Every structure is written in structure tokens, then in C-alpha cells.
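Welcome! Please take a moment to look over the sequence and the 3D structure, and then we can walk through some of the details together.

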Amino acid sequence: MAPPSKICLVADIHSNFAALQAVVQDAGEVDAWWCMGDLVGYGPDPNQCVELLAELGAVSVAGNHDAGSIGKLSLGRFNLDARVAAEWTGRVLSESSTRILDALEETRAEEDCGAFLVHGSPSDPLWEYMTSASQAEHNFEAFTEDICFCGHSHVPIVFATPGRGEQEGVAQVVPADGETIELAGDRRYLANVGSVGQPRDGDPRASYVMFEPRAKLITYYRVAYQVERTQGRMVEAGLPAFLIKRLALGR
Ligand code: ZN
């Protein structure tokens, strides 16, 4: 089967429905949606986010917050705010949302597109943060596809193996809003798509990526959403103050 021409990639939505809606609107017509985990946790609207992604027919992998919120993973490694939010999420999740999250696998190969999907890293799917080239390096051995898409750190970044005949090690690029990266045939890539619902790179706008497997292009985008709307819903839900404040800072 020929690969789809345009796929929208999202991760770390974290129950931020206003942010997810803004991304869906900004992305427009696409052939498929892929989500690299953490649909829920931290934010106020877990069911709406799970339902909207289901409506879009999104393919998702599990994040640590997805597994933690439904009791599949111990919350012992979560910090206090994350744990409070995960417990709150577990209480408000509908039966159907719980079932959807429970069915998520930790990794997924999209063979048609030469892509591998994971939340954290290929060698530690739920927990590892890949924030440096040295961490990325050993992970290239843990998947076989041309490109691995991930999330978890909430910071957009792309790592690439050296091209044929090149001497230097793994390269890294922090893509700007609107920046397109051409995927070279003699390199392999690890691309963190950034976070829809809780960016941590100092830019509070939602992050997403458009992947064109036939043209071999990935383009990074940021879109503004009504942060106050999500913050207001978090106040109503009684979620931790730090989690409310950080949305406006993108930290
Ligand atoms: Zn996350």
C-alpha cells in the first residue's frame, strides 16, 4: 500500500482540549493523525481529548501519564503535582476513555511510512527523556525504521545520524515555527514533535508536526490557543496551581 501523503503528528496533549482544538483547526485536511502518547494527565479535559482523537481516527501509543492515570503504572515515579493530576484524571475518565487508553501499545511501527512511534525513547518507551545527541545515539540501535517520532520531554528537537561518508556523530536541530526538514535517504532520524498541551521550551503555543512520507519532509508548527480557557477549567477542577501557571509560560 502506498503511504499517505500527509500525516499530522501530535504528542503530550495532556487533557488540554483548547490546545488540541487549535491544532486540529490549524492542521486542516490530513490523511492521518498519529499521537506519541500522554493524551491525558495534568490538564482539565481528558475525556474530550481522548474522544476527539478517536473521532480523528488517530493512531496512538501509550505515554506514562496515560498508563499512570488508569492504574496500569505505579505513580511512585511521578512528582507530587503530576500524581495529584493523574489521580484526578483516573477519577473523571469515562469507561470508554479508559478502555481506549488501556488498549494503547507502548510502541508502534508504521511500515508503509518507514516510521516508528514511541512516547519516551525506543529503548525505554515510557520513561526516557531524549534531550541530547548522546542519549539519542544509542537509541538509533533500538529501532530499525528510517525515522522515530517521540514526545515526553515537551521540547521539539530532531536528531540525525551522520550521512554516508560523514565523520561527525549524531547531529541535532531545534526546528523553528514553520521550519521544514528534508529527510535524507542516507540518514536516520529521531524527531520529538513537541507538546500540544504543555510546551516546555519557553513558547506557550501548541506544537505539532506535519509529516509527508512520500515527499520525505517534516514541518514543525506552533499555534496559539486560548491558554486562559484551559487555565479556567483547571481552576474549576481544583488542579495544582503550578500546573495552571506553567501553561502561560511554556515552561
Ligand atoms: Zn508528557
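Which side chain makes a polar contact of 3.3 Å with the side chain of S121? The side chain of N139 does; a polar contact here is a pair of N or O atoms within 3.5 Å, where, within protein, one must be able to donate a hydrogen and the other to accept it, and residues adjacent in sequence count only if both atoms are side-chain atoms.

## Before we go on

This is a predicted model, in which local features need pLDDT of at least 70 and side-chain atom pairs count only at pLDDT 80 or more, while totals for chains, interfaces and linings use all residues. Residues are numbered from 1 along each chain as its sequence is written, and side-chain values use heavy atoms, with hydrogens and water left out.

## Around S121

S121 sits in the loop between β5 (115-118) and α6 (133-139). Helices (H or I, at least four residues) and strands (E, at least two) are DSSP runs, numbered from the N terminus. With a relative accessibility of 0%, S121 counts as buried; buried means under 20% relative accessible area, exposed over 50%, and partly exposed in between (1.4 Å probe, protein chains only).

The side chain of S121 also makes a polar contact with the side chain of E128, at 2.5 Å. If we leave aside neighbours within four places in sequence, S121 is in contact (heavy atoms within 4.5 Å) with E128, M130 and N139.

N64 belongs to helix α3 (residues 64-69) and is buried, at 4% relative accessibility. Not counting residues up to four places away in sequence, N64 touches D38, L73, F78, H119, L126, W127 and H152.

H152, one of those partners of N64, has its place in the loop between β6 (147-150) and β7 (157-160). H152 is not a glycine, yet its phi is positive, at about 80 degrees. The relative accessible area of H152 is 2%, so this residue is buried. H154 is found in the loop between β6 and β7 too. This residue is likewise not a glycine and has a positive phi, of about 65 degrees. H154 is buried, with a relative accessible area of 1%.

## Salt bridges

How many salt bridges are there? The count comes to eight, where a salt bridge is a side-chain nitrogen of Lys or Arg within 4 Å of a carboxyl oxygen of Asp or Glu. One of them joins the side chains of R108 and E110, at 2.8 Å from N to O. R108 is partly exposed, with a relative accessible area of 38%, whereas E110 counts as buried, at 15%.

D203 and R205 form another salt bridge, and their closest N and O atoms are 2.9 Å apart. Is D203 buried or exposed? D203 is buried, with a relative accessible area of 18%, while R205 is partly exposed, at 30%.

Helix α7 (residues 227-237) holds both R233 and E236, three residues apart, which is about one turn of the helix. Their side chains meet in a salt bridge (3.2 Å, N to O). R233 is partly exposed, at 32% relative accessibility, and E236 is exposed, at 61%. A network of salt bridges links D45, R233 and E236.

How do α7 and its partner helix α8 (residues 241-249) cross? Their axes come within 10 Å and cross at roughly 180 degrees, so α7 is roughly antiparallel to α8. On the α7 side the contact is made by V227, T230, Q231, M234 and V235, and on the α8 side by L243, I244, K245, L247 and A248. By class, this contact has seven nonpolar, two polar and one charged residues. Here Ala, Val, Leu, Ile, Met, Phe, Trp, Tyr, Cys and Pro count as nonpolar, Asp, Glu, Lys and Arg as charged, and the others, Gly among them, as polar. The axes are lines fitted to C-alpha atoms, for helices over the stretch in contact, and the angles run from 0 to 180 degrees between N-to-C directions. Angles under 35 degrees count as roughly parallel, over 145 as roughly antiparallel, 65 to 115 as roughly perpendicular, and the rest as oblique.

The loop between α7 and α8 contains G238, which is exposed, with a relative accessible area of 57%. G238 and A85 are 153 residues apart in sequence, and their C-alpha atoms are 9.4 Å apart in space.
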